[in-house]
Amino acid sequence: MSGVQLAHLEAGSGPAVVLLHGYPFDRSMWREQIDFLSAHGYRVIAPDLTGFGETVAQTAVSEPSGPSTILKSVPPKESARTITTMADMARDVAALMDKLGIADATICGLSMGGYVAFEFVHMFPTRARALVLAGTRAPADNEQEKQARAQQAEQMLAKGMGDIADASLPKLLAPRTLLEKPAVAGQVREMILRADPKGAAAAQRGMAARRDYSDDLPGIDVPVLIIVGRQDPIRPLADAEYMHRGLSNSRLEIIEDAAHMTNMEQPQVFDHALTSFLQTAIQ
């Protein structure tokens, strides 16, 4: 185990739902879902995954601060080849659940969070009551995609997150979101800009090294909700349909007027799909 203690937000009571953010974001992307789910009878846990937000992916001293655990440390020198794998993140999520006394939960991941969800259900099959896979896919990266991740990791270490934020927004958000919801675009941009380049680079390498989850699909026997934005160029509908065909107990929800950040672009639609699924999946 990596031994990282995850900063997190906890709200509500009832069946547990763990929200795993995408890349290179933090738990604040789930603000709408935290409020909605906690008000509708669910215990919501939203961690900052290893290397992101208030979680420091190094040796740290933890101090309780309200419902969250805030980690403080002075990051040591980091090798340019540091990697945080999806399995590392899944172990840290399981350790957080142990700390909170949660035996099992619905694991909801968007994009990179979906890869962590795949690892979690593989490593801890009895602890996932259901899965929600949003804007993610099962196959591993091909060589071209691995090279692109390596180049982006070097770019962010050399220049910071500014250029990446500018290049990413048109892919992360649908044109209508960019035009009509400047506050959402601003929040996404701010999350990228405040991401730690070292933590983000380590996670990029971890995503490049992730295994192919395609062979896992037939063996996942918990209910699964697959969510995809109709206009997502990063993880398009074909990726969602591939998982839907491979998972025997899955439901596919296509969200219109959304790209990659479905939960932020169309929160009401996302929340309705999520709660409708939870009402039937974990009773």
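Student: Of the residues in the protein chain, how many count as buried?

Tutor: Buried means under 20% relative accessible area, exposed over 50%, and partly exposed in between, with a 1.4 Å probe and protein chains only. Here 54% of the 283 residues of the protein chain count as buried. This is a predicted model: local features need pLDDT of at least 70, side-chain atom pairs count only at pLDDT 80 or more, and totals for chains, interfaces and linings use all residues. Residues are numbered from 1 along each chain as its sequence is written, and side-chain values use heavy atoms, with hydrogens and water left out.

Student: How many helices and strands does the protein chain have?

Tutor: Both are DSSP runs, numbered from the N terminus: helices (H or I) take at least four residues, strands (E) at least two. This protein chain has 11 helices and 9 strands.

Student: Which residues have the most contacts inside the largest nonpolar core?

Tutor: A nonpolar core is a set of buried Ala, Val, Leu, Ile, Met, Phe, Trp, Tyr and Cys residues, joined through side-chain atoms within 4.5 Å. The largest one has 87 residues, and Leu19, Ile107, Met112, Leu131 and Val188 have the most contacts inside it. Helix H2 (residues 86–100) gives the most to this core, with 8 residues.

Student: What is Val188 in contact with?

Tutor: Contact means heavy atoms within 4.5 Å. Leaving aside neighbours within four places in sequence, Val188 is in contact with Phe25, Leu169, Leu172, Leu173 and Met264.

Student: Where is Ile220, and is Ile220 buried or exposed?

Tutor: Find the loop between H8 and strand S8 (224–229); Ile220 is there. Ile220 is buried, with a relative accessible area of 5%. Not counting residues up to four places away in sequence, Ile220 touches Phe118, Val121, Leu131, Leu247 and Ser248. The C-alpha atoms of Ile220 and Pro125 are separated by 8.3 Å, though these residues are 95 apart along the chain.

Student: Which elements give two or more residues to the lining of the largest pocket?

Tutor: On a 1 Å grid over the protein atoms alone, a pocket is an open set of points with protein on both sides within 12 Å along at least five of seven lines; lining residues have an atom within 4 Å of a point. About 640 Å³ of space lies in the largest pocket. Its lining has 25 residues, and Arg149, Gln152, Lys171, Gln204 and Ile234 are the closest to its centre. The elements are helix H4 (143–159), helix H5 (162–172) and helix H8 (197–208). H5 gives the largest share of the lining, 6 residues.

Conventions: 1 Å grid on protein atoms, 1.4 Å probe; cavity = no way out; pocket = protein on both sides within 12 Å on 5 of 7 lines; lining within 4 Å. Points joined across faces, edges and corners; volume = space filled by probe spheres on them.
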